[in-house]
Amino acid sequence: MTERTLILVKPDGVERGMSGQILARIEAKGYTLVAVELRTASAELLAQHYEEHVGKPFYESLVEFMVSGPVLAVVAEGDRVIEGFRSLAGATDPTVAAPGTIRGDLGRQWPTKVIQNLVHGSDSPDSAAREIGIWFPSL
Ligand code: CMP
């Protein structure tokens with residue numbers, strides 16, 4: 001079933017010059033790029049995006065990291081792209097993410113309070129619809 005997902009190349013990925021490689025992996029898997037925009041997120045936008053994490057011990061550090069530089073916001077489309085991109089991204093923690101995945105091949109486990117793991121991908125159709133609405137309200 002064709003669906004859409006919201007992908008973010010996080011500030012560590014943009015800063016390390018990995019946006020192109022990450023987009024290439026998305027395209028190589030056959031997904032279509034519907035929207036791609038480099039932007040610096042506000043704390044307000046991130047509070048909406050990370051609604052489910054508000055109050056968790058890592059929340060403040062996560063927002064601080066996510067506003068520390070530009071992110072590449074992407075909407076990708078394709079058959080089961082939500083599940084497919086999460087498989088492409090690999091496990092949340094780059095230390096244990098499998099080789100062959102974005103986080104497994106390109107991620108580093110930085111000694112910070114927050115996991116800097118290069119990318120975000122929506123985790124369900126409901127999250128995808130919600131997150132696309134936050135980042136790209138005109139889509
Ligand atoms: P993401 O997929 O964007 O969703 C929430 C983010 O919070 C996650 O990627 C990580 O960057 C970060 N995160 C998740 N769990 C932890 C944790 N236990 N400690 C620190 N950061 C975390």
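Biologist: Which residue does UniProt list as "active site"?

Modeller: The unreviewed entry lists His120; UniProt positions follow the numbering used here, feature names are shortened, and annotations may be inferred rather than shown by experiment. This is a predicted model, where local features need pLDDT of at least 70, side-chain atom pairs count only at pLDDT 80 or more, and totals for chains, interfaces and linings use all residues. Residues are numbered from 1 along each chain as its sequence is written.

Biologist: Why is histidine 120 called buried?

Modeller: A residue is buried if 20 or more other C-beta atoms, placed from the backbone, lie within 10 Å of its own, exposed at 12 or fewer, and partly exposed in between. Histidine 120 has 22 such neighbours, so it counts as buried.

Biologist: What does histidine 120 touch, not counting residues up to four places away in sequence?

Modeller: Histidine 120 touches Ile7, Leu8 and Lys10; contact means C-beta atoms, placed from the backbone, within 7 Å.

Biologist: Which residues surround the ligand?

Modeller: They are His53, Phe58, Leu62, Thr92, Val114, Ile115, Asn117 and His120. The criterion is a C-beta atom, placed from the backbone, within 6 Å of the molecule.

Biologist: What makes a place in a strand, and where is histidine 120?

Modeller: Strands (E) are DSSP runs of at least two residues, numbered from the N terminus. Histidine 120 is in strand E4, residues 119–121.

Biologist: What is the mean pLDDT of the chain?

Modeller: The mean is 96, and 100% of the residues reach 70 or more; pLDDT is the predictor's confidence in each residue, from 0 to 100. The model's ipTM is 0.92 and its pTM 0.96.

Terms used:
Helices (H or I, at least four residues) and strands (E, at least two) are DSSP runs, numbered from the N terminus. Two residues are in contact if their C-beta atoms, placed from the backbone, lie within 7 Å.
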